[in-house]
Amino acid sequence: MSTTEELLELKLALDEFCINLREFGEALSPAPPYRLGAPIEVKFARQSGEFGGFATIYGEVDQQDDVIFRGAYTATLQKCGAVRPLLWQHRPTEPIGVVTLTDNAVGLWAQASLSLEVRRAREAAALIDAGATTGLSIGFRTVAAVKGSPRRLTEIDLLEVSLVTFPAADNARVSMVKQADAQHELIIADLRRTLADFRLPRL
């Protein structure tokens, strides 16, 4: 087993452990929610309009108190394929390109291509280049979920991916780092952040 595979197994196990322990701690006493992960470097190919990033990080609790686990996208990708529209700020009347999706052990990777013939896409390219808009967000319908805090999404119907100013998930950001490198760096960052920030509840 490679080092990356071992890290993936450790990360997924630690994420699940932290969520279960968080639920236990909240039942005993109120505590501020923890966040997993750390920002990754933002890069963008301005002339081509190409960029990539994780639209979802598995095991990360987002600002809506939802968490998505690996396998949630399996059915929707098999049924509808890997390509989805790329929208501006979730506005269905403002498509700015397309994304090709890859499901891996870390999350859902979105490789995007802006349609630079469209004015809004050119504006989006300028904002990415300036670092003003670097968030990725998903539009979806919930198919299956386990209620609780956080709510665990086990199957979703993915409709679109959007370029947004404020993503619900901290790590859903634009990056032109190669997927394998980004995956490895993100695992390490997640483990370090989780171990550094996690606090056991006081009984």
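Start by selecting tyrosine 73, which is buried at a relative accessible area of 0% (buried means under 20% relative accessible area, exposed over 50% and partly exposed in between, with a 1.4 Å probe and protein chains only). This is a predicted model, in which local features need pLDDT of at least 70, side-chain atom pairs count only at pLDDT 80 or more, and totals for chains, interfaces and linings use all residues. Residues are numbered from 1 along each chain as its sequence is written, and side-chain values use heavy atoms, with hydrogens and water left out.

**Aromatic pairs**

A search of the whole structure finds two aromatic pairs. Rings of Phe, Tyr and Trp (its six-membered ring) pair if their centres lie within 6.5 Å; planes under 30 degrees apart count as stacked, over 60 as edge-to-face and the rest as tilted.

Select phenylalanine 54 and tryptophan 109: their pair is edge-to-face, 4.9 Å centre to centre with 85° between the planes. Phenylalanine 54 belongs to strand 1 (residues 50-57) and tryptophan 109 to strand 5 (residues 107-114), so the pair ties together parts 55 residues apart in sequence. Helices (H or I, at least four residues) and strands (E, at least two) are DSSP runs, numbered from the N terminus. Tryptophan 109 is buried, at a relative accessible area of 3%.

**Helix 3**

Move to residues 119-130, helix 3. Its buried residues are Ala121, Ala124, Ala125 and Ile128. They cover an arc of only 105° around the axis, which puts them on the same side of helix 3; the arc is that of the directions from the helix axis to the C-beta atoms. On the other side of helix 3, Arg119 and Ala130 are exposed. Glycine 131 follows helix 3, with a positive phi near 80°.

**Strand 6**

Select alanine 145 in strand 6 (residues 135-146). Leaving aside neighbours within four places in sequence, alanine 145 is in contact (heavy atoms within 4.5 Å) with Arg151, Arg152, Leu153 and Thr154.

**Confidence**

Finally, colour by pLDDT, the predictor's confidence in each residue, from 0 to 100. The protein averages 75. Residues 25-43 stay under 50, as do residues 176-184. Where pLDDT is low, the predicted coordinates should not be read in detail.
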